[in-house]
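Please read the following report alongside the sequence and the model. It treats salt bridges, helix packing and one backbone feature in turn.

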Amino acid sequence: MSAGPKYEYRWADGVTIKKPLVVSAPKYVDYLMDWIEAYLDNESIFPQKIGVPFPPNFQDVVKTILKRLFRVYAHMYHSHFQKIVGLKEEAHLNTCFKHFVLFTSEFGLIEKVELAALDDIVESILQN
């Protein structure tokens, strides 16, 4: 999966796939959604009962999830934006991405270096 010629994203989950694999975008997204679902379903990471504390590594897990979700946005903008425009759906993508950027920025959840693939768009969102 890539986001233009400068950014290639390989998949590794650190458990079953330790060495990062070159995979297609659909495969990356498939791996990512399964990986996220496993975390969301894990009550020791995302407690579902009132009063159960979040684990010490909770913020690190959330940061990794959001960093990897950003990569999907980067791929969509670099590889599929013209198709999205052709479908007249760019407003939906832009709105979702704007919310994503504002949320992650507000709480410091993604390092600036990780946003480089869409730096111009991110800066535009943050300046307005």
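Arg71 counts as buried, at 14% relative accessibility; buried means under 20% relative accessible area, exposed over 50%, and partly exposed in between, with a 1.4 Å probe and protein chains only. Its salt-bridge partner is Glu114, and the closest N and O atoms of the two are 3.9 Å apart. This pair links distant parts of the chain, 43 residues apart, with Arg71 in helix α2 and Glu114 in the loop between α3 and α4. Glu114 is partly exposed, at 27% relative accessibility. A salt bridge is here a side-chain nitrogen of Lys or Arg within 4 Å of a carboxyl oxygen of Asp or Glu. Helices are DSSP runs (H or I, at least four residues), numbered from the N terminus.

The model is predicted: local features need pLDDT of at least 70 and side-chain atom pairs count only at pLDDT 80 or more, whereas totals for chains, interfaces and linings use all residues. Residues are numbered from 1 along each chain as its sequence is written, and side-chain values use heavy atoms, with hydrogens and water left out.

**Salt bridges**

A search of the whole structure finds five salt bridges.

| Pair | Closest N and O atoms |
|---|---|
| Arg71 and Glu114 | 3.9 Å |
| Asp30 and Lys27 | 3.9 Å |
| Glu123 and Lys112 | 2.8 Å |

Asp30 and Lys27 both lie in helix α1 (residues 25–41), three residues apart, which is about one turn of the helix. Asp30 is partly exposed, with a relative accessible area of 37%, and Lys27 is also partly exposed, at 36%.

Glu123 forms a salt bridge with Lys112. Because Glu123 lies in helix α4 and Lys112 in the loop between α3 and α4, the pair ties together parts that are eleven residues apart in sequence. Glu123 is partly exposed, with a relative accessible area of 27%, while Lys112 is exposed, at 53%. A network of salt bridges links Lys112, Asp119 and Glu123.

**Helix packing**

Helix α2 (residues 58–86) packs with helix α3 (residues 90–106) at an angle of about 155°, and their axes are 11 Å apart. Axes are lines fitted to C-alpha atoms, for helices over the stretch in contact, and angles run from 0 to 180 degrees between N-to-C directions. The angle makes α2 roughly antiparallel to α3, a term for angles over 145 degrees. Residues in this contact (heavy atoms within 4.5 Å) include Leu66, Phe70 and Tyr73 of α2 and Leu93, Phe97 and Phe100 of α3. By class, the contact has 13 nonpolar, two polar and one charged residues. Ala, Val, Leu, Ile, Met, Phe, Trp, Tyr, Cys and Pro count as nonpolar, Asp, Glu, Lys and Arg as charged, and the others, Gly among them, as polar.

Between α3 and helix α4 (residues 119–127) the angle is about 75°, with the axes 10 Å apart. This makes α3 roughly perpendicular to α4, as the term covers 65 to 115 degrees. The contact is made by Phe97, Lys98, Val101, Leu102 and Ser105 of α3 and Ile121, Val122, Ile125 and Leu126 of α4. It comprises seven nonpolar, one polar and one charged residues.

**A positive phi**

Most residues other than glycine have a negative phi. Lys88 has a positive phi of about 60° although it is not a glycine. Lys88 is placed in the loop between α2 and α3 and is exposed, with a relative accessible area of 68%.

Notes:
Helix = DSSP H or I, 4+ residues; strand = E, 2+ residues; numbered from the N terminus. Parallel < 35°, antiparallel > 145°, perpendicular 65-115°, else oblique.
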